[in-house]
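Hi,

Here is the structure I said I would pass on.

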Amino acid sequence: MSWGEKASMMWVCPVYLDPKPSIRKETLLKEYKQKNRCSKFIDRRFGEYDTKMAPEDKILQRFTMERQRVHEKKDVYNLNEEEELTHYGQSLAEMEKFNDVVNSDDESEEKGLLSAELTASHFGGGGGLLRKKALGEEEEGGQRAKSRQELIEELIQKSKQEKRERQVQREEAQELTEKLDQDWKNIQSLMVKKTPKADKQEEKPKLEEYDMMVRELGFEMKAQPSEKMKTPEELAKEEREKLQKLEADRLRRMMGEEVVEGAQSQIHFSADDLNDGFVLDKHDKKTLAYQDGKWNMGEEEEEEEEEDEAEDEEGEGESSEEQESDAEEDEVEEEEEEEEEEEEEEGSGEDDGHSDLESEQESENEEEEEASPKPKKTLSKEEVKAQQEAAKAELPYTFAAPESYNDLKDMLRGHTSDNQRLIVARTQKSNHPSLAVGNKLKLQKLFGFLLEYIGELATRSPPELSTIDKLIPEVYALCQMFPDAACKAMQSILGDAAHSMEETLEVKGHAAFPTLDMLIYLKVTALLFPTSDFRHPVTTPALLFISQALTKCPVRSLQDLTSGLVLCSLGVEYVSFSKRFLPELINFLVGTLHLAVQDKASLGYIVVPPFRASGKYSDLLVLSSSESCRSWSKKSLPLSATQQLDLGNDPDRDTHRLTCLSTCLDLVKRCCLLYKDLPSFTHIFQPIRTLLSKHLSTQTLPEPLQELSSEIVEAISSMPVTQSALVFDKRKPIPLKLLTPKIVEVLDYGKKRGSTREEREKERLKHKYKREFKGALREIRKDSRFLAREKLNEVMNRDAERKRKVKELMGSLATQEGEWKSLKRKKK
Amino acid sequence: MAPAKKRNVSSVKTAEKSAKKAKVDLSKTVERILESRKHANDVFDILESLQAEQEKEVISAVAACSELFCALLERKELFLGKLPGEEDALSGGYSAEDKYRIFMRHRYTSCVEILLEHLSHEHAMCCLMKFAAGEGLHPLEDLDWSEHYTFPERYTLSFVALVDNLLSKATDNSLLISRFQEFLEMEDVRYYVMSSIRDNAVVPVYQNNVFTLMSSISMPNQESELTNFMVKQEAKHEDWKAAKLHEHKRVFERMWLGFLKYKLPNSMYKKVLVILHDSILPYMSKPTLMIDFLTAAYEIGGAISLLALNGLFVLIHQHNLDYPDFYKKLYNLLEPSVFHVKYRARFFHLANVFLSSSHLPVYLVAAFAKRLARLALTAPPTALLIVLPFIYNLIRRHPSCRVLIHKPSAEDEPFEDPYLTDEEDPAQCRALESSLWEIKSLQKHYHPDVAKAALLINTPLSEQEDDISETLEVTTYELMEKDLKQPEIKSVPLEFETATRLLKGGGDVLGQHFCLA
């Protein structure tokens with residue numbers, strides 16, 4: 001062992017820091033003593049120099065080794081000792097034990113591998129030397145030394161016995177397996193829809209069959225429990241939960257919190273939804289359901305398969321419907337039989353998109369069903385039917401998506417509003433995005449065209465609002481399908497309108513009220529998009545537009561006023577859920593009420609533009625005669641009144657005025673409710689209160705308006721006027737600056753940060769090297785010191801020895817001398 | 001008069017001529033006349049068509065006249081000096097050459113007269129101005145410059161006639177005046193025009209014309225800029241009034257003061273006030289003379305007061321005007337309408353300047369803040385985006401106003417708003433005892449930006465003042481575009497309540513009051 005080697009061994013060992021002279025004595029000292037000698041004593045006992053081994057282990061190991069050595073020598077020719085028989089160095093007894101394990105039950109004897117007992121019998125000696133012996137004798141014989149023959153006999157017997165046993169076992173297992181198979185087959189037919197393939201497989205070897213069964217079991221879809229029929233309560237609960245979730249989502253958006261990606265699911269898909277566009281509250285029809293005691297799952301599937309061809313079938317469905325309803329008129333007994341037909345027919349009815357009507361009808365009795373699209377009760381049923389037939393006969397069942405706005409117009413021209421809706425619905429169906437690649441784009445365009453069409457319908461005179469009304473569900477459905485395109489289309493409409501208004505404002509300083517189509521667009525916006533969001537790409541601009549119109553458009557006629565009131569209503573609708581503050585709304589309502597004040601002198605409130613305290617148009621709502629109050633009763637104003645009013649005489653005009661006033665008062669009341677939580681409620685409603693209580697003489701108004709007015713005044717004055725002073729939001733107090741130093745335990749001294757990994761590695765290695773180097777030096781020094789000490793000791797010992805010897809010699813010499821002298825003296 | 005006689009003779013003939021032919025003929029005639037003196041009498045034809053009925057013919061005649069007489073002026077073929085009467089010339093001992101010149105000179109005079117009659121045509125006006133320029137270069141009268149170091153008296157007179165014509169009391173001449181503007185670029189023309197706007201009347205059309213003319217005058221800033229003269233004068237240039245800036249200023253000032261002396265309609269008031277601070281006040285020799293006018297305007301109230309602020313600001317700031325109760329008046333200017341008028345941006349810009357002083361008393365600043373907050377309850381979103389930062393800036397500048405948004409001492413005891421809305425004196429309105437609950441209410445405003453701005457009062461305000469100049473001019477449409485032009489929208493939230501009918505949804509407000517048909 002060289003020095004370095006020894007040293008390194010020392011450093012690896014964690015104890016190198018406290019030097020143990022004992023180690024040195026054992027290693028260094030010995031080496032030192034061996035120095036310059038040609039022969040040396042090496043202890044070759046096992047583990048002598050292995051320091052890691054415990055002494056007990058050493059001893060144990062040595063003992064076994066010794067035994068082995070002895071054994072090797074002794075046992076070469078010894079057979080009848082209690083030593084085991086081996087083959088290929090393996091114990092035969094052991095092998096026999098494993099026999100069963102190796103031989104699986106399917107192993108036939110022919111195919112059997114070379115087994116221990118076989119080899120033993122084949123190679124071991126004569127088969128005729130069998131001697132029957134009882135087991136007991138064997139035991140007895142076991143005591144004495146067995147001869148080879150005996151052993152072999154024993155072996156053969158054993159093996160035979162075992163073979164028999166195995167056979168029995170196998171037969172039993174076979175039986176059990178078969179029984180299990182049989183049982184399984186019985187159960188399997190229960191669990192899986194498809195009956196297992198029967199006899200063919202039996203020709204194949206059993207093993208394969210079994211394997212296949214196992215695999216089948218493994219891979220086959222677990223038989224799923226069929227969906228449970230939902231009770232109405234559960235359905236309602238589910239529905240409520242869904243709505244609650246959507247509501248929570250809406251609230252979150254209202255507060256202006258960030259939208260979590262994917263947090264909202266815009267459309268609720270039923271599990272059975274094929275995503276084929278039937279999103280409109282039809283999903284309840286698609287779920288598994290019992291109908292009149294029959295499970296209509298199979299039919300459901302059929303229905304869905306058929307849906308692609310539904311257009312073709314519809315005609316049939318229609319005719320069957322007619323027949324059926326005829327029958328029903330005569331007799332109701334046949335209902336049972338026609339149930340199935342009914343089923344299909346309803347499915348095809350769906351394609352019409354009459355979902356809203358249908359859902360109502362379904363809850364009603366079936367007789368009403370055939371009256372679906374035209375609820376004109378004045379006509380007799382036959383007439384209605386005849387009309388329907390005639391109308392529907394004209395309509396094709398598929399429509400190409402319109403490529404331009406004019407295409408759409410051509411397509412819809414000359415049809416009744418119901419048919420227009422049907423056409424749009426069918427266009428949407430036959431161009432569903434899942435059917436062809438370009439359909440998505442086509443339908444997105446269709447949405448834009450529909451919006452344009454709605455605008456045109458509203459600008460016609462008279463406006464065809466009922467058609468718009470009919471088209472709303474289609475627009476909604478399209479919007480749900482393509483939110484982005486819908487958003488873009490609506491934005492461009494709003495943007496254009498706002499832009500043109502801005503331009504007029506720049507030139508003239510005021511603008512005309514938005515036309516009816518714009519009012520309709522604003523309403524449609526509210527139907528399609530949530531108005532309560534804190535910020536929404538469509539509804540926020542729409543609300544701004546409303547506010548802009550209410551601030552910048554001067555009221556110069558009763559039409560203007562009606563438009564203004566429509567805008568106010570829209571404004572209230574927009575903020576009804578979020579209860580946001582819309583100052584322009586209050587301003588406009590105050591202005592409107594101001595128009596009804598007769599005596600405009602000494603006002604206790606301020607009228608905000610576009611209204612003026614006095615002027616040409618400031619008496620628009622003042623009644624021309626108090627007579628009209630008595631005959632007045634509240635009626636809904638037509639939306640077309642925003643465009644033109646035919647009010648020839650004063651009484652008509654007064655009626656209109658009173659209606660406007662009542663609308664205005666109602667809106668004020670709603671605002672009171674909406675804004676009752678605002679801290680400045682009293683100041684916001686101060687002008688209204690003054691106006692109603694002091695200036696608008698209630699005596700001249702009809703009863704209902706008087707009541708409304710007093711209700712409002714009461715509501716305003718019942719609000720608390722006191723407020724607690726504003727303070728900043730409570731915040732966590734900022735902790736004082738601490739002056740005691742913060743102690744951070746530095747775990748890695750001198751570790752340089754910010755360098756690259758290689759540099760750090762290099763640094764680390766350098767550091768390690770240095771440490772090692774120092775350690776080595778220290779060890780070497782210690783070694784040399786130790787050696788020096790040893791040498792000194794040696795020298796000292798040697799000197800002492802020499803001294804002692806010299807002394808001895810001198811002593812003996814002295815005694816010799818003394819003796820010699822005494823002898824001399826005696827002689828003398 | 002000879003032209004009149006001729007006219008009668010040839011009136012039938014000229015009426016028959018088509019306009020185009022006339023033009024060709026006229027230009028040929030001009031060529032002929034200029035070629036040889038034989039055809040001198042043809043000048044009557046031109047003067048004839050100058051008085052024709054058809055406008056086209058007149059226009060071509062005007063062009064012919066200007067060509068002819070400018071050429072004659074250049075050739076000096078018009079008689080110089082004092083013009084003898086036509087009869088005298090024939091009888092007197094003049095040479096043939098002189099006779100021709102006298103003849104032409106007479107035609108020239110009559111032409112100018114006719115043109116003055118036709119002044120409503122811009123061509124006629126241009127033609128006259130050309131003549132004036134030509135005469136300036138080649139004076140017709142042998143003038144002694146020491147006596148008349150100006151336009152010949154005749155031209156000042158014709159200017160007066162011209163200006164009188166422009167400032168008609170019956171028709172709106174704004175188009176003509178805008179054409180005339182190019183001549184106003186010339187220093188001497190401008191000078192004489194300015195001094196000829198003298199008499200005045202309270203007729204709206206007239207005032208309108210006067211204002212259009214006066215507002216189109218753009219004054220030079222320095223004497224050295226006075227270079228563009230129509231008539232250059234070598235001698236006595238230094239003494240020429242039209243060449244001196246202070247003279248210009250004096251005339252300018254006199255003109256405006258003369259105009260503003262009379263009662264003006266409100267719209268005119270506004271127009272004047274809009275341009276007052278940057279195109280009138282700087283060019284007056286004594287701007288302080290405007291004090292009366294501005295004070296009167298400031299007292300009127302409403303939008304006019306707002307506009308007067310600008311002029312007052314210039315006077316206070318640059319001319320050391322001391323205006324008592326200025327802030328009180330400013331405070332009383334704050335009405336709901338300030339958020340709706342066109343001059344909103346200008347007003348808030350100035351109010352910001354006036355209230356930026358840190359030497360204002362706290363009560364005053366608090367009163368302004370509270371008043372603005374109260375008014376904010378009726379303001380449109382664009383105004384709110386100005387007002388809210390404005391109020392915050394006030395509070396930042398005057399930290400003792402912080403009690404308006406943070407009053408921990410009175411946190412738990414509710415009290416009625418002590419602020420007196422109708423009090424006119426900001427010192428008495430008890431604004432400091434109040435809190436800005438209005439801004440708290442605006443936290444529920446429908447527009448997200450406003451709501452966010454209002455939310456700032458929940459926490460202590462940052463040190464940095466908001467820059468309101470950027471938001472001053474924002475229009476509603478621009479505000480809208482912020483939402484409309486968002487580059488990409490992750491996913492548009494949709495209404496989940498299924499729409500079935502047009503009038504359904506949203507609380508059925510619309511459906512309750514209106515029906516489809």
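**What I found**

Chain B has 23 helices and 2 strands (both are DSSP runs numbered from the N terminus: H or I with at least four residues for helices, E with at least two for strands). Before you go further: this is a predicted model, where local features need pLDDT of at least 70 and side-chain atom pairs count only at pLDDT 80 or more, while totals for chains, interfaces and linings use all residues. Residues are numbered from 1 along each chain as its sequence is written, chains are lettered from A and ligands numbered from 1 in the order in which they are written, and side-chain values use heavy atoms, with hydrogens and water left out.

Staying with chain B, 51% of its 517 residues are buried (under 20% relative accessible area; exposed is over 50%, partly exposed in between, with a 1.4 Å probe and protein chains only). Its accessible surface is about 24100 Å², and carbon and sulfur atoms hold 51% of that (Shrake-Rupley method, 1.4 Å probe; for residues, only the protein chains shown count as cover). Of the chain B contacts with a separation of 6 or more, 72% are between residues 24 or more positions apart (contact means heavy atoms within 4.5 Å).

A:E456 pairs with A:K409, with 3.2 Å between the closest N and O atoms. That pair links distant parts of the chain, 47 residues apart, with A:E456 in helix α20 and A:K409 in helix α18.

A:D666 and A:R670 come to 3.1 Å in theirs. They are 4 residues apart in helix α28, so about one helical turn separates them. A:D666 counts as buried because its relative accessibility is 13%, whereas A:R670, at 21%, is partly exposed.

Last, a surface patch: A:I187, A:L190 and A:M191 make a nonpolar one of about 330 Å² (residues with over 30% relative accessible area and no salt bridge; nonpolar side chains, meaning Val, Leu, Ile, Met, Phe, Trp and Tyr, are joined within 5 Å, like charges within 9 Å). A:L190 lies in helix α8 and is exposed, at 72% relative accessibility.

Cheers

Key: Salt bridge = Lys/Arg side-chain N within 4 Å of Asp/Glu carboxyl O.
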